[in-house]
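Please look over the model below before reading on. My notes follow as numbered points.

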Amino acid sequence: MEKTTLDRQPSGQNVSGGSHSSEPGKNPALGLLFYLLPAVVDITVGMFFFISAKRMADSGANSYKIAPTMAIWAVCYAISSFAAGRVITPRNALRVLKTSQFILLGSLLGLAFTVDLNLQFFWLMGTGLGGALFFTSFQPAIKLFNKGDGSPEAMIRNSAYYTFSWSTGLAFGPFIAAFVWGLFDPRTGWSYCYLIAAALQLGVAIGVFALDCYVKRLQAQPEAAGATAADPAACASADAVSSHLPDLMIAGWCLQGLGYIAVAMMRTYLPDYCTGPLAMSTFHQGLVMSLVSFAQALAGLACCTARRWPYRPWTVGAISLTGAAAFLVFAGTSDWRLYALAAVLLGVFSGVMCFTATFHALVNPVKTAQYVSVNETLVGVGSVVAPMLGAFLATHCGTRTPFFFSMGCLVLCAVLYGAFTWKYRSLR
């Protein structure tokens with residue numbers, strides 16, 4: 001009975017209303033600007049993750065005081081993402097996107113001038129709120145900038161570019177912060193890092209407002225087919241292109257929920273394990289952790305060539321099992337070279353996981369905002385639960401237990417995703 005295909009297009013439908021050089025999807029400069037925004041935002045996220053934790057560590061605070069620097073952000077991010085998904089629509093996505101810029105810019109400036117370590121938690125809550133509003137509204141807004149192109153090719157391209165963009169930003173953030181901080185007095189260098197982060201965020205705000213003006217200008221130009229370029233009604237018509245595709249968001253959530261627990265746990269536990277039992281050098285630790293992020297970014301970008309595999313069990317299942325093998329390497333060796341290889345394998349899994357969850361959210365036009373909000377909520381919840389779970393397992397069950405637990409999560413990812421997609425394994 002299942003006749004769904006990825007190649008079918010609605011007959012006789014021209015959703016673009018003609019071809020013009022001003023289309024966002026056909027304007028390289030605008031396209032670059034659009035996908036640069038989440039990268040820059042995540043650069044600032046990576047910077048304040050590093051700075052807030054290091055400031056606490058430098059003060060001599062214990063682990064229970066350092067961990068909340070990320071946890072307080074994650075709690076606010078998770079709650080705000082879930083709430084935003086209830087109210088964001090294609091009609092108000094750009095307004096929410098602009099609102100997020102004021103919150104993020106104000107919070108970063110607050111952090112730059114906050115000497116009191118405890119007061120920084122207040123501003124970190126602001127970054128969680130602003131970040132949630134930005135990312136939950138950014139993905140629905142993608143369709144406005146692509147003139148309502150709801151084809152599978154557009155969804156794949158958008159998902160891949162978006163994953164590459166934010167992953168690259170998150171990878172560069174800590175490096176920029178560490179470099180800038182090292183140029184100044186160790187006691188005050190953090191403030192200059194935050195000022196640079198605020199300047200970057202100001203650039204994002206300018207880009208958001210410029211793109212908003214561009215959309216309004218397109219809306220004022222009548223299309224050949226009688227619709228406006230970025231009008232939500234036009235987008236809804238174009239979304240019929242992808243409405244015939246099966247809804248596999250539950251499979252995406254299983255993959256992301258379990259996968260992100262493993263990835264988030266390793267982001268905090270690997271430095272701890274490498275410093276303690278392995279006595280690995282700081283340089284090699286930094287290399288290993290950076291490889292996870294950069295491999296994630298490149299894997300996400302490589303997914304732009306995807307066609308049918310998000311609806312089939314084979315690719316995601318194989319990559320999940322390959323990622324699971326990385327944890328065997330982490331648990332069974334102390335050679336930094338093998339750790340680097342395992343980090344690449346884990347990063348590839350993470351990139352495919354993020355792409356797949358984003359794709360299944362974007363390809364379901366009516367529920368994109370709600371699905372995206374759940375995606376971001378899972379990120380927030382995982383950022384709170386995973387580090388604490390890793391510390392608990394290491395303390396009470398052995399230092400290698402977090403690796404075996406994470407391996408089990410990825411094996412389960414392969415099994416569950418395969419179960420949900422098995423009926424679509426012959427999708428054409």
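Which helices each supply at least two residues of the nonpolar patch?

1. Helix H6 (152-183) and helix H7 (189-219) do. Helices are DSSP runs of H or I with at least four residues, numbered from the N terminus. This is a predicted model, where local features need pLDDT of at least 70, side-chain atom pairs count only at pLDDT 80 or more, and totals for chains, interfaces and linings use all residues. Residues are numbered from 1 along each chain as its sequence is written, and side-chain values use heavy atoms, without hydrogens and water.

2. The patch lies on the surface and consists of Leu 109, Phe 113, Phe 179, Leu 183, Phe 184, Tyr 192 and Leu 195. Together they have about 720 Å² of accessible area, by the Shrake-Rupley method with a 1.4 Å probe and only the protein chains shown as cover. Patch residues have over 30% relative accessible area and no salt bridge (a Lys or Arg side-chain nitrogen within 4 Å of an Asp or Glu carboxyl oxygen). Nonpolar side chains (Val, Leu, Ile, Met, Phe, Trp, Tyr) are joined within 5 Å, like charges within 9 Å.

3. Tyr 192 lies in helix H7. Its relative accessible area is 36%, so Tyr 192 is partly exposed (buried is under 20%, exposed over 50%, partly exposed in between; 1.4 Å probe, protein chains only).

4. Ala 279 sits in the loop between helix H9 (249-275) and helix H10 (282-302). Its phi is positive, about 50 degrees, although Ala 279 is not a glycine. Ala 279 counts as exposed because its relative accessibility is 60%.
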